[in-house]
Amino acid sequence: MTGFLFELTFLLAAPVWLLLIVAPAWRITERVAASPLTVLPLLAVWAVLAAPVLPELWTAVSSPDIDTFRELTALANGAAAVWAQILAWDLLLGQWMYREARRLALSPFLMAPLLLLTILLSPIALPVFLAIRAWKTRRADAP
């Protein structure tokens, strides 16, 4: 069951990512990207995964250290719950980046690979996006 739920988390996020990357100009994409509710199915899966390891999860977050976190992620449900949480937050981040890109009129050809990078490695994609956003904002504000 844990393996299925682990796989399900990406399958629940994938349609939103597909809209953001492949159909950025569609009105439905704009409506979907504006909603924080897109992550609720992922968080529901997270809750199912986290419930059996709640004591370990609570210990890992309330008194964090590397060994406690390693023990949590050594458990199948612990690792899958962390994965579901990462996917949920990455999706919210991707939606925010999409909306900011639309506001700043950034090219979809620039944003598509950047959103794909966000899916894979958001700690790299976010600083790149923030740099592009700062550059575009300064350029728009320049006389």
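I started with F6, which is partly exposed, as its relative accessible area is 33%. I kept in mind that this is a predicted model.

Next I asked how many aromatic pairs the structure holds. I found two. F6 and W83 make a stacked one, with 5.5 Å centre to centre and 25° between the planes. F6 sits in helix α1 (residues 2-22) and W83 in helix α6, so this pair ties together parts 77 residues apart in sequence. W83 is partly exposed too, with a relative accessible area of 32%.

Then I took W96 and F129. Their ring centres are 5.6 Å apart and their planes stand at 80°, so I logged the pair as edge-to-face. W96 belongs to helix α6 and F129 to helix α7, so parts 33 residues apart in sequence are tied together. Is F129 buried or exposed? F129 is buried, at a relative accessible area of 0%, whereas W96 is partly exposed at 32%.

I moved on to helix α4 (residues 54-62) and helix α5 (residues 66-74). They pack at about 150°, with axes 9 Å apart. Angles over 145 count as roughly antiparallel, and α4 and α5 are therefore roughly antiparallel to each other. Their crossing is left-handed. From α4 I listed E56, L57, T59 and A60 in the contact, and from α5 T68, F69 and L72. These residues divide into four nonpolar, two polar and one charged.

Last, I checked A105. Its phi is positive, about 60°, although A105 is not a glycine. Most residues other than glycine have a negative phi. A105 lies in the loop between α6 (76-103) and α7 (108-141). A105 is exposed, with a relative accessible area of 59%.

Note on methods
Residues are numbered from 1 along each chain as its sequence is written. This is a predicted model: local features need pLDDT of at least 70, side-chain atom pairs count only at pLDDT 80 or more; totals for chains, interfaces and linings use all residues. Side-chain values use heavy atoms; hydrogens and water are left out. Axes are lines fitted to C-alpha atoms, for helices over the stretch in contact, and angles run from 0 to 180 degrees between N-to-C directions. Helices (H or I, at least four residues) and strands (E, at least two) are DSSP runs, numbered from the N terminus. Angles under 35 degrees count as roughly parallel, over 145 as roughly antiparallel, 65 to 115 as roughly perpendicular and the rest as oblique. A crossing is left-handed if the near helix is turned anticlockwise from the far one by less than a right angle, and right-handed if clockwise. Contact means heavy atoms within 4.5 Å. Ala, Val, Leu, Ile, Met, Phe, Trp, Tyr, Cys and Pro count as nonpolar, Asp, Glu, Lys and Arg as charged, and the others, Gly among them, as polar. Buried means under 20% relative accessible area, exposed over 50%, partly exposed in between (1.4 Å probe, protein chains only). Rings of Phe, Tyr and Trp (its six-membered ring) pair if their centres lie within 6.5 Å; planes under 30 degrees apart count as stacked, over 60 as edge-to-face and the rest as tilted.
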